Amino acid sequence: LRGHPTGVGCLSDAMSAAGGGGGGGGDDGGGESAFWSSLLKWSLAQQENGNVAGAGRLGAVPEDTEAGEDGAVAGALRPTREISKEEREWFYEAMQARTEDVAVTMQSIASALASKASASLPPEEVAVRAALLEDLAERVESIDHANDLDAVGGLAPVLEALRSPHEAICARAAEVVSIVVQNNPKAQARALELGAMGHLLTLVEEGDSGGAKAAAGADADAAPERTQQTLAMALLALGSLVRGDAAATSALVLGSGPRLLLLALRGSTPKVQRRALHLMAHLAAHHEAAGAATAAAGGVRAGGACLLSPDAAVRQAALSYLLSLARVIDFEKNPGALADYRAPALAAALGRVSAGAEADADARREELVMARELRRMLGE
């Protein structure tokens, strides 16, 4: 900003002091805020105050003010002046320099992701693509930008990134998908059309195999933490994709979703278990066949095992699933599920949850309420 038209120097000084640097700007939020504040103050200082006659202008002194009267006012206010063409052009350039076309940026990111999406990449490129996806995740938090992503051809490359052999890329891509489709019927339908369900279920299945290895006592390298992170993100994206969308829920069931969700409970982190259980509860409540499928695959036994988790959120998610299933399942058609609900192992787990919740009723009130309701439904 230095060297720009007369009258702009004061703005340059203010913005430099604020960390604006005169155009490039500081990266922190304070510098950005100070930039816009300084620009606004400068703009207002150049304009009249809406009075076509000139009275009340910024810098104007009332005609009846005698010389020397109220010197503070007379000295502090300066006459206004016309803004030159050069100053006006500089002002617009400064505004444009701080204004980003989000759609163009998303299109550029999509173009960078499109090539070699499922190929093995060097570590440097993996880091770059993961960073691009992280940046994209922030931009699509607005539902308008989320819908714009597909309009600029960006949704398909993101879904293709779910097939990457690199966990860092898969996890970030799943995060973007989750944000884009959450509470967004248009994006849910489009993502389903582009094959999102198949890609996400493949990630879950791959993550399940890692959890199974960990449960079997394999070495730590067989199930790295990032695999669990990817599995957690894939489950999050699946949850966003199916909630409120009957077609996506049916696709999840047809894609062996119930079986994969049960596998995800084994040897996994609490975050993965919570998300799998929440999805199972959703399926039980909204898709009769899915509820029966999870029960037939051992869902009641798996849910009962999760009641013994030290993680309170896992216990609550397990209770939610067991309650949702018990409310809708036809026990006459599914006698195996009834036997699992009445098994001594589940009764013992419910008794343990109830005892612990009663001892700490204030902190575990929700657990206590659900455990009591489930025991009442089972006739205990």
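The model is predicted, so local features need pLDDT of at least 70, side-chain atom pairs count only at pLDDT 80 or more, and totals for chains, interfaces and linings use all residues. Residues are numbered from 1 along each chain as its sequence is written, and side-chain values use heavy atoms, with hydrogens and water left out.

Start with the whole chain. The protein chain has 21 helices and zero strands. Helices (H or I, at least four residues) and strands (E, at least two) are DSSP runs, numbered from the N terminus. The chain holds 380 residues, and 41% count as buried, meaning under 20% relative accessible area with a 1.4 Å probe, protein chains only.

Now go to Ser 164. Ser 164 sits in the loop between helix 8 (155–161) and helix 9 (167–181). Its relative accessible area is 5%, so Ser 164 is buried. Its side chain reaches the backbone nitrogen of His 166 at 3.1 Å. Leaving aside residues up to four places away in sequence, Ser 164 touches Ala 117, Ser 118, Ile 169 and Cys 170. Contact here means heavy atoms within 4.5 Å.

A pocket is an open set of points on a 1 Å grid over the protein atoms alone, where a 1.4 Å probe fits, with protein on both sides within 12 Å along at least five of seven lines; lining residues have an atom within 4 Å of a point. The lining includes Arg 259, Gln 273, Ala 297 and Ser 309. Helix 14 (257–264) and helix 17 (299–306) are the elements that give two or more residues to this lining.

Technical notes
Buried < 20%, exposed > 50% of the residue type's maximum accessible area, 1.4 Å probe, protein only. Polar contact = N/O pair within 3.5 Å; in protein donor to acceptor, adjacent residues only side chain to side chain.
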